[in-house]
Amino acid sequence: MVGRSSLPDGALFLGLDSSTQSVKATVLSNELIIVASETVNFDSELPHYKTEGGVYRDPTDDGRIYSPTIMWVEALELLLEKLKPKINFSKVVAVSGSGQQHGSVYWKKGGQAVLSSLDPGKSLASQLKDAFSTMDSPIWMDSSTTKQCREIENAVGGALELSKLTGSRAYERFTGPQIRKIYQTAPHIYENTERISLVSSFMASILAGCYASIDETDGAGMNLMDINKRTWSKAVLEATAPDLEQKLGNLAPAYAAAGRISSYFVERHQFDKNCLVIQWSGDNPNSLAGLTLNTPGDLAISLGTSDTVFGITAEAKPSLEGHVFPNPVEPDGYMVMLCYKNGSLTREDVRNQCAEKSWDVFNNYIEKTPPLNDGKLGFYYKDHEILPPLPVGFHRYIVKNFNDASSDNLTEHEVQEFDPRSEVRAIVEGQMLSMRGHAERFGMPNPPKRIIATGGASSNESILKLIAQIFGCPVFTVERPDSASLGAALRAAHGWLCKEEGGFVPISRMYTGNLEKTSLGAKLAVPAPGEEGRELLKKYTLLMKKRMEIERRLVEKIGRA
Ligand code: ADP
Ligand code: XUL
């Protein structure tokens, strides 16, 4: 029987999220209500891998950051074990997922054969550990491929040309430059690779027991896909590495089914043999689905390991900054996005150094310092930043004259340090000013109608208050901050429905008119600032322009070409 949401009564939809620091699960009922969730943290629950924040930093190769591929497999197994007492796997009619974007996995020759003949009596990790041509997966935090980025851009006529073709100029973390680096520095690994998966298609492959396609949305984060045609771009493939197309396999829309769940999971975990595996996609695209973002005036801010800002748009208009990806739940539309590497981990560092390792103390400092921070403006790059492309380093300034809201004569001088309280406010204010400045420059709504915040740090109300003040709009949040696994569960349901109906159906059909009764409705967290807030907003606007100017100078002085 089909219920109100046109999904079968009693059915469950499983959404997984393989992210930088953890794997998470969210389970939705046919009424789109969260019935269970679970997390496995890599550092604390799989300590034998000795990762920090889920990653390794290579001391011998500047900017190289990677994760052990097999850790993600072991984490998936542990996640399912933890979830087992909470839900009946045989009721799951579709599963989908979300992966940290850009990260890649290298299956060695014969990998497909191993994948399709897994013994349910043995663990996944013990059987897959030798299935890869390298045990290391480069991830999105990596910044070691500047040379390959320039080579690829030059081969296709420059950065803007590459952006027009693929939706982004070349970025170090994007998979194409990462593949080129492996081809150039470890040709034996490249040669021995049968299939290259993204984190998303890798996890889908394990569930389906065969190589899953790369979905078109996450595929756009590789610098390899023609953003308009949604096929591999021959020109960029050639500029990247030889014989690449066959190693990548096909692309597929995000709502398509990758197949039925493999017999391994049927026998070992009692999944139903008809359970569909819907294509996995990237974490930001899944968040877009989970936040039910469908109004062009809405902006989403995700404060996870990375900080991202994203929205939707009808047309692809790529430029030298930001990224354009296909919208994962609207086949004719696009999503636009900005990404910062120094997100939660950098805030944590400042919290640990200045605020007694406590978010409560951190928030108390925000509350005890004045808006605009008396002109203290900071740039905090614990890791090589993506936006703007600046190396590791902290830069602090004191800006003068911004108190006159009409002034265009702001001056600043550099200082070595701030007191701990100001440092705390400066890292949060600075990030939000940067987000606003870059979002406006990228043509995102200005001011947004509303901002929907998600990711680990969106549970922090002091941070949300600053977002509302700096952007001048109300801030909403969703029931739980892990919108990526929630979005994956929703996409599982959507994929199931599309399969049932024999073609694409709008995702909104599952919740229109009923959103408030589901776990998807966004709730107001901080209202738009009133009259006093509007005066403050003018000053923040001045400070934001000043910040963009200082940032430009920093990039000219110490940034990468
Ligand atoms: P990801 O999915 O990218 O692995 P999450 O979205 O789970 O990351 O976010 C994890 C981060 O959330 C942690 O690194 C932590 O610093 C941050 N976080 C958790 N609680 C708070 C809080 N109250 N204030 C600020 N940041 C927080
Ligand atoms: C997006 C990006 C990160 C990762 C990890 O381009 O690099 O947001 O998806 O979350």
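Tutor: The count comes to two cavities of 30 Å³ or more, a cavity being a set of points, on a 1 Å grid over the protein atoms alone, where a 1.4 Å probe fits but cannot get out. The model is predicted, with local features needing pLDDT of at least 70 and side-chain atom pairs pLDDT 80 or more, while totals for chains, interfaces and linings use all residues. Residues are numbered from 1 along each chain as its sequence is written, chains are lettered from A and ligands numbered from 1 in written order, and side-chain values use heavy atoms, without hydrogens or water.

The largest cavity has a volume of about 120 Å³, a volume being the space filled by probe spheres set on the points, which are joined across faces, edges and corners. Its lining (residues with an atom within 4 Å of a point) comprises 18 residues, and Asn 342, Tyr 380, Tyr 381, Gln 431 and Arg 547 lie nearest the centre. Two or more lining residues come from each of helix H15 (344-354), strand E21 (376-381), helix H17 (420-441) and helix H20 (531-558), where helices (H or I, at least four residues) and strands (E, at least two) are DSSP runs numbered from the N terminus. By class, this lining has seven nonpolar, seven polar and four charged residues, with Ala, Val, Leu, Ile, Met, Phe, Trp, Tyr, Cys and Pro taken as nonpolar, Asp, Glu, Lys and Arg as charged, and the others, Gly among them, as polar.

The second largest cavity holds about 60 Å³ of space, and the residues lining it include Glu 216, Arg 230, Tyr 255, Asn 327 and Pro 331. The lining of this second largest cavity divides into seven nonpolar, two polar and three charged residues.

Key
On a 1 Å grid over the protein atoms alone, a cavity is a set of points where a 1.4 Å probe fits but cannot get out, and a pocket is an open set with protein on both sides within 12 Å along at least five of seven lines; lining residues have an atom within 4 Å of a point.
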